[in-house]
Amino acid sequence: MNNATFFKDLGKKINNINRANGWAVCTPEDWDDTYKVPAMIALIQSEASEALEGFRKSNKENFEEELADVVIRTLDCASGLDLNLDQAIIAKLETNQSRPHRHGGKRL
């Protein structure tokens, strides 16, 4: 996989695996669907919650697996919607790098 398109390529692979396993994959046309994209976001959140439970139970292996699920579901959604997550991540990192130390004034 090319580093410049790593997430895009991985997302396509995830989409193909999910289609082969009988799961519906998002498409660019789903962007306006008031069910499909929110359902994908809820699934991403549920995987993050499962990672939190793994952490609370000091189960590093489960924690790692659930974080992988967060990334897999995120890439499934982004790839299906034909988003360029590689470019978005690079742009966001550049934005974050230019922010002041602990910006926003929050305690944590």
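Reply: Start with K8 and D82, whose side chains form a salt bridge, 3.3 Å from N to O. Keep in mind that this is a predicted model.

Me: Where in the chain do K8 and D82 sit?
Reply: K8 is in helix α1 (residues 6-20). D82 is in the loop between α3 (60-80) and α4 (85-97). The two are 74 residues apart, so the pair links distant parts of the chain.

Me: And is D82 buried or exposed?
Reply: D82 is exposed, because its relative accessible area is 52% and the cut-off for exposed is over 50%. K8 is partly exposed, at 26%.

Me: Why would two such side chains pair at all?
Reply: Side chains of opposite charge can pair when their charged atoms come close.

Me: How many salt bridges does the structure hold?
Reply: It holds 4. One of them joins the side chains of K36 and D30, at 3.8 Å from N to O.

Me: Is K36 buried or exposed?
Reply: K36 is buried, with a relative accessible area of 17%. D30 is buried as well, at 13%. Both labels follow because buried means under 20%.

Me: New topic: helix α2. Which side chains meet in a salt bridge there?
Reply: E53 and R56 do, at 3.0 Å from N to O. Both belong to helix α2 (residues 36-56). They are 3 residues apart, which means about one helical turn separates them.

Me: What about the accessibility of R56?
Reply: R56 counts as exposed, at 57%, whereas E53 is partly exposed, at 35%.

Technical notes. Residues numbered from 1 in each chain as written. Predicted model: local features only at pLDDT ≥ 70, side-chain atom pairs only at ≥ 80, totals over all residues. Heavy atoms only, no water. Helix = DSSP H or I, 4+ residues; strand = E, 2+ residues; numbered from the N terminus. Buried < 20%, exposed > 50% of the residue type's maximum accessible area, 1.4 Å probe, protein only.
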